[in-house]
Amino acid sequence: MTATIPDPCAPVFDRLEQLLPRVQKPVQYVGGEVNAQVSEWGSADVRWALMYPDAYEVGLPNQGLQILYEVLNEQDGTLAERTYAVWPDLAALMRENGVPQFTLESHRPVAAFDVLGVSFSTELGYTNMLEALDLAGIPLHSVDRTEAHPVVVAGGHAAFNPEPISDFVDIAVAGDGETVVLAISEAVRAWKNGGRPGGRDGLLLSLAALDHVYVPRFYDVEYLPDGRIRRVVPSRPDVPWRVAKSTLTDLDAWPYPRTPLVPIAETVHERASVEIFRGCTRGCRFCQAGMITRPVRERSITGIGEMVQAAVAATGFEEVGLLSLSSADHSEIGEVAKGLADRYEGSNTSLSLPSTRVDAFNVDLANELSRNGRRSGLTFAPEGGSERIRAVINKMVTEEDLVRTVTTAYAAGWRQVKLYFMCGLPTETDEDVLQIARLAREVIRVGREVSGSRDIRCTVSIGGFVPKPHTPFQWAAQLGHEETDARLALLRDEIRADRQFGKAIGVRYHDGKPGIVEGLLSRGDRRVGRVIEQAWRDGARFDGWSEHFSFDRWMTAAERGLEGTGVDVAWFTTRERQHDEVLPWDHIDSGLDKEWLWQDWQDALDEVEVDDCRWTPCFDCGVCDQMGTAIEVGPTGRVLIPLEPISPAPLLATQA
Amino acid sequence: MARSPGREIVPPVQKLRMRYAKRGRMRFASHRDCARSFERALRRVGVPMAFSAGFHPHPKISYANAVPTGTSSEAEYLEIGVLQECDPQALQAALNATLPDGMEIMDVVVTRTSDLATRLEAGEWRLELPGIEPDVARAAAQAFLAVDEVEVQRMTKGGLRRFDARGPVVELAECSGEGDPEGCAILRLVVRHGTPSVRPDDVLAALAAVADLAPPIPPRITRLAQGPLDENARTVQDPLLPDRDEPTVGA
């Protein structure tokens, strides 16, 4: 009898199944969702495992992953499956029983795929990637991988500073992924079919030759004696000095996802989403998403109508969300909202606009979309408590705007208003934060007046500000966690002490510690990689979940990981950078001109506001020139054609 | 403006009862997971559902006696109310074409009687015990049946409860036969529903207590049937029979 070598590509479901009765929420690991795409393994010569590095319930609704999943699966010869972070209960059993990280479609080992694509919306997913690599049996470090291992690709917003994870990923892609994943597939296919010329380095070199693909291994970082970066240089003549982000144009030509996934397990967003535009030029200085996704590219009103219809038919979801960074800013949003509300009137299909723009028009939209449904809560994001700090962050909302907006909302029957703010913004004082209390009181006062009811509420939700790369605040000092906590305590006490309005105001906030770790990972350089690895070795997982996050574990890991470098956590977080400092992400080209960003940072300090280039002349942020792109906005003047209601005729009993 | 515009509530013109199966990977789905999957299938198919009144209208669906998460079933029951008369077979085919793999509508009848829930008197189960020899399981079952009472405990919504797992058991027999995998006992269990309802895992706990039966691999449990109990035959009858007995409309 000869010993059989187990097939490393064989599905592991049979072994996994034995473990599932022993874990929480096992259904999240079984796949089988409506609209999941299960392709024959042998039908493809390029195979992607797409990972969202958080729990299934968070990762499944992610639009970026669902878009790439469809785009890849549509290609002949390419297949894409999904994998998510497994919770520690299952991870422990998998290690004990030799079950590797698996995908949800065929339940094959992730190591059997050609490419592992990881989408990072937030830096707090880094340790989950290390955990997945380890469970997959893939070496943690790019240099230790052979040509038998998948190419590990990082994408998503956090990939605009891939330096902290540059030891662990083989390549990083900045910007829109739709066309880049296709180019990567072609390069991998050519390399495989050509007999793998040059081995793994040969593949990485051919990937480095693609637009928008950054291969950290081919760059050297030199440091100054004081710990700052001297320069980042290509280590080979055939890789570019800077790698530019990718920008998708003509969204109507990319109506993805066409058939959104319908989870069996409960997830954080139980709805279909339709992206109505990409990019934002409001110019909020804290907002990395707005800065790195320029310019604005709208989907047309008819394109939106078709996608909403297709999504409802393909999923059966009761709710469709119209997604973007600021949905009320779509040039035809009024017509879109009214058209869709007309179309779905009486159908028990509801529409939502997760927009936070502070103006009365936004309330009109919300009224339209909630025509048939509940009017429970409306959310606005003034972001800063005082007029002064709102000028600093370029959030052009006056107190008058806010009061007028909430008055309209309460008068229209809305009972709860939620206001988003940030704490720890550059130049912020205690007074700026205490202004949040004053605003909330004013909101309740006018709300009681116009609604004639005391049964209204205002919830104030406060997030700690974390300076991000490729924003005007990339040079700013982050506020320390003790100072953040002290400021939030002052605000909480101020609201609690208010006898007249305090009980109608809810305050929600988190302590400042996770923000410091996020800040370290956001603006870190390659030296932070050792901290991430140490933290993971010490047990860090699911760092976005307060019940799994440990600040002390991270600080201990940072001490060990940064030993001998002369820099520490404070150096990366609470230190203000100077004009001439080389930033770790300078060689990733977001299109934004660094001088423009610096000028905008100076304008912030001078409390000077900058308008939106959609309706004022260009401010030369550099993106359109650098990337050869242009703003793509309507109005198109087209209208939504009402649909015939779905006919249940085939189901009906024939009348005898 | 009003908080919620008044809606005209239209009562259903027809109710339909369904038996559905939950198999394979879908056994890991909770009852709520199955309910969401079913409701979305109804919407994809365009079933003219009736809705409840109130602030947040829900489609008229009632579920009976859901099987625990992790357990397969060939006999789950639900009832829907619709605004236009539907053809049961067309409905069944349309739903089965769109439900997730592992959920299957096995039977649809037009509701003609009122007391489905009370007819679900007892349940019949199949317990596969990989790693347990049939003789061992047979002896354990005999030991269990030989006593009048076996107290077990289970965590319920109301806290830890202790109750008798023996009383409601009508039948417990080893039934593996030719063609079944080696070294895997299969128990057939018939148990009368009650409060708290005795479930297969309670019977397994009882078998551990009376006969030290300890499956090395998680058992695979399937609910085979629910319905009126035939005390003499110790079998479970079809609960939809009274609905089926009525003459068909237009026939």
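In general terms, side chains of opposite charge can pair when their charged atoms come close.

Before going on, a word on where this comes from. This is a predicted model, in which local features need pLDDT of at least 70 and side-chain atom pairs count only at pLDDT 80 or more, while totals for chains, interfaces and linings use all residues. Residues are numbered from 1 along each chain as its sequence is written, chains are lettered from A and ligands numbered from 1 in the order in which they are written, and side-chain values use heavy atoms, with hydrogens and water left out.

Now to the interface of chain B and chain A, where the rule finds six salt bridges and also twelve residue pairs in polar contact, both residues being at pLDDT 80 or more. A polar contact is a pair of N or O atoms within 3.5 Å; within protein, one must be able to donate a hydrogen and the other to accept it, and residues adjacent in sequence count only if both atoms are side-chain atoms. Which element gives the largest share of the side of chain B that touches chain A? That is α1(B), with eight residues; helices here are DSSP runs of H or I with at least four residues, strands are runs of E with at least two, and both are numbered from the N terminus. The residues of this side of chain B divide into 18 nonpolar, six polar and 13 charged, counting Ala, Val, Leu, Ile, Met, Phe, Trp, Tyr, Cys and Pro as nonpolar, Asp, Glu, Lys and Arg as charged, and the others, Gly among them, as polar.

The contact takes 37 residues from chain B and 42 residues from chain A, contact meaning heavy atoms within 4.5 Å. The area buried between the two chains is about 3,500 Å², with carbon and sulfur atoms giving 54% of it; buried area is the accessible area (1.4 Å probe) that two parts lose on being put together, summed over both. In chain B, R25(B), F28(B) and R43(B) lose the most area to chain A, together 22% of what that side buries.

Let us turn to chain B by itself, whose domain assignment, automatic or from a database, gives domain 1 (14-111) and domain 2 (120-236). Their C-alpha centres lie 28 Å apart, yet 13 residues of domain 1 are in contact with eleven residues of domain 2, and about 950 Å² is buried between them. Across this domain interface the rule finds one salt bridge, and R223(B) forms a salt bridge with E76(B), the closest N and O atoms being 2.9 Å apart. Strand β3 (residues 72-82) of chain B supplies the largest share of the domain 1 side, six residues.

Finally, the whole structure holds 77 salt bridges over all chains, one of them between D498(A) and R441(A), at 3.4 Å from N to O. D498(A) lies in the loop between α15 (481-496) and β18 (505-509) of chain A and R441(A) in helix α14 (residues 430-451) of chain A, so this pair ties together parts that are 57 residues apart in sequence.

Notes
Salt bridge = Lys/Arg side-chain N within 4 Å of Asp/Glu carboxyl O.
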